[in-house]
Amino acid sequence: ILKQLTRAVPEVADFPFTTREPMPAMMGFEGVQVQLVDTPPVVAGQLEPWMLNLVRTADAAMLVLDGSSDDAPGECEDAIREFADRKTRFATQTGFDPDSFAVVNVSTLLVVTHSADPDCQTRMDLLRETIDIQYPVLFVELEDAEAATMLAKAVFGMLNLIRVFTKPPGLPADMTAPLTVGDGGTVEDLAFQIHDDLGQRLKHAKIWREGAHDGQLVGRDYALRDGDVIELH
């Protein structure tokens, strides 16, 4: 996954444990840079404290099930239970669990690789027999460029971010370098993200978006959408 989605060149082999320590790399998605961290596999009874902390503080996680391996369902189940035993749950959203603040939920995508294997679906069904999987599942053949693009889009989607483009007055927007704010973020959120002083001095903004008047005047609490072009005043 890291090799296909980033420019990193990790060691890849047909045997386990080729990844022995965390390897970070940057994934580009429509002008946004997302950091991915490849980790060693989780073995039952051997979850390192640093691995637990890495997952609990991440914005999202990808669980990987090798669709061509008979061992994959059991190994994936072991990993899920190892984290659950330490109050870390793979879930649909990231944040503290509403029933117990000791439990951290992490937004998760289960990626099933080698999806063309004839027994891939059977192996996924075996995992579902033991684990109630509520989060999204994506079947991919990573050698397929279209599948890799689909996976990158799914990864970005887990982050609940929108892309916003800014423009100086009287000049065109730079459509190659978007800023990101949380889904549901406002003009004020964007201004403070750029600089505290701008957030405090902001009076209004102009917006360009599909279905709106070009240069429409909006206030600080105006909700942004993905792809908006904003001029701050």
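**Surface and overall size**

I looked up the accessible surface of the chain first: about 13,500 Å², with 50% of it belonging to carbon and sulfur atoms. Accessible areas come from the Shrake-Rupley method with a 1.4 Å probe, and for residues only the protein chains shown count as cover. I note that this is a predicted model, in which local features need pLDDT of at least 70 and side-chain atom pairs count only at pLDDT 80 or more, while totals for chains, interfaces and linings use all residues. Residues are numbered from 1 along each chain as its sequence is written, and side-chain values use heavy atoms, with hydrogens and water left out.

The C-alpha atoms fill a box of roughly 60 × 40 × 30 Å along the principal axes. I find 7 helices and 12 strands in the chain; helices (H or I, at least four residues) and strands (E, at least two) are DSSP runs, numbered from the N terminus. Of the 233 residues, 38% are buried. Buried means under 20% relative accessible area, exposed over 50%, and partly exposed in between, with a 1.4 Å probe and protein chains only. Among contacts with a separation of 6 or more, 54% join residues 24 or more positions apart; a contact means heavy atoms within 4.5 Å.

**Nonpolar cores**

I checked the largest nonpolar core, which has 22 residues; F90, L110 and L127 touch the most other members. Such a core is a set of buried Ala, Val, Leu, Ile, Met, Phe, Trp, Tyr and Cys residues joined through side-chain atoms within 4.5 Å. Two or more residues come from each of α2 (49-56), β3, α3, β6 and α4 (120-130). I then listed the contacts of L110 beyond four places in sequence, which include L63, L65, C76, M124, L127 and I133. A second, separate core holds 21 residues, including A8, V32, L36 and F156. Nonpolar side chains tend to be buried together in soluble globular proteins.

**Strand β3**

β3 spans residues 61-66; A61, L63 and L65 make up its covered face, and M62, V64 and D66 its uncovered one. In a regular strand the side chains alternate between the two faces of the sheet. I see β3 pair with β6 (residues 100-113) in the parallel sense over 6 bridges, where pairing requires at least two bridges found by DSSP between the strands. V64 has V111 as its bridge partner in β6.

**Aromatic pairs**

I count 3 aromatic pairs in the structure. F83 and F90 form an edge-to-face one, at 5.2 Å centre to centre and 70 degrees between the planes. F83 is buried at 3% relative accessible area, and F90 is buried at 11%. F96 and F101 form a tilted pair, 5.8 Å centre to centre with 45 degrees between the planes. F96 is exposed at 56%, as is F101 at 65%. Rings of Phe, Tyr and Trp (its six-membered ring) pair if their centres lie within 6.5 Å; planes under 30 degrees apart count as stacked, over 60 as edge-to-face and the rest as tilted.

**Two positive phi values**

I found K87 with a positive phi of about 60 degrees, although it is not a glycine. K87 sits in the loop between α3 (72-84) and β4 (88-91) and is partly exposed at 44%. N160 has a positive phi near 55 degrees; N160 lies in the loop between α5 (145-158) and β8 and is partly exposed at 46%. Most residues other than glycine have a negative phi.

R163 is in strand β8 (residues 161-166) and is buried, with a relative accessible area of 12%. Beyond four places in sequence, I list its contacts as E30, V32, F156, P178, L179, T180, R225, D226, G227 and D228.

In α6 (residues 187-194), I find V187, L190 and A191 buried. They lie on the same side of α6, because they cover an arc of only 100 degrees around the axis; the arc is that of the directions from the helix axis to the C-beta atoms. Among the elements covering them are β8, α7 (196-201) and β10 (205-208).

K206 lies in β10 and is partly exposed at 29%. I looked up K206 and I230: 24 residues apart in sequence, 5.8 Å apart in space, C-alpha to C-alpha.
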